[in-house]
Amino acid sequence: MSSRGEIIPGNDDVLFGRGYLIQLHPGNVAFRSLVDERKAEFKRAKKIEKREIAEQIMQIMRQRNAKFLTEDATKCRKTE
């Protein structure tokens, strides 16, 4: 965290947003990889199972100490 209270994204953090730099952020790459691994299972799953799969992916990211962040014009903010 910076002296102004801003969260400085780490390599494990997932950044919400659009654009090339967001896509290439290491945390986003890792998150997409986990999603891709479970995509076929997710498509076959019933609604309640889909939620469980999503929660499992989120749990894996949290175990890696990832934060889910959104950015505004001045600072990153935690979204959880």
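Helices in this predicted model are DSSP runs of at least four residues, numbered from the N terminus. One of them is helix α1, which covers residues 20-24 and includes Leu21. With a relative accessible area of 72%, Leu21 is exposed, because exposed means over 50%. Leu21 also belongs to a nonpolar surface patch with Tyr20 and Leu24, and together these residues have about 400 Å² of accessible area.

The 17 residues of α3 should span 24 Å at 1.5 Å a residue, and the end C-alpha atoms are 25 Å apart, which agrees. The buried residues of this helix are Ile53, Ile57 and Met61. Seen down the axis of α3, they fall within an arc of 80 degrees, so they line one face of the helix. The buried residues of α3 pack against β1 (14-16), α2 (26-44) and β2. On the face turned away from this buried side, α3 carries the exposed residues Ile48, Arg51 and Gln63.

Beyond its neighbours within four places in sequence, Lys50 is in contact with Phe42, Lys43 and Ala45.

After α3 comes Asn65, in the loop that leads from α3 (47-63) to β2 (68-71). Most residues other than glycine have a negative phi. Asn65, although not a glycine, has a positive phi of about 65 degrees. Its relative accessibility is 63%, so Asn65 counts as exposed.

Methods: Residues numbered from 1 in each chain as written. Predicted model: local features only at pLDDT ≥ 70, side-chain atom pairs only at ≥ 80, totals over all residues. Heavy atoms only, no water. Patch = residues over 30% accessible without salt bridge, like charges linked within 9 Å, V, L, I, M, F, W, Y side chains within 5 Å. Areas by Shrake-Rupley, 256 points an atom, 1.4 Å probe, with all protein chains shown as cover. Salt bridge = Lys/Arg side-chain N within 4 Å of Asp/Glu carboxyl O. Helix = DSSP H or I, 4+ residues; strand = E, 2+ residues; numbered from the N terminus. Buried < 20%, exposed > 50% of the residue type's maximum accessible area, 1.4 Å probe, protein only. Contact = heavy atoms within 4.5 Å. Expected span 1.5 Å × (residues − 1). Arc of directions from axis to C-beta.
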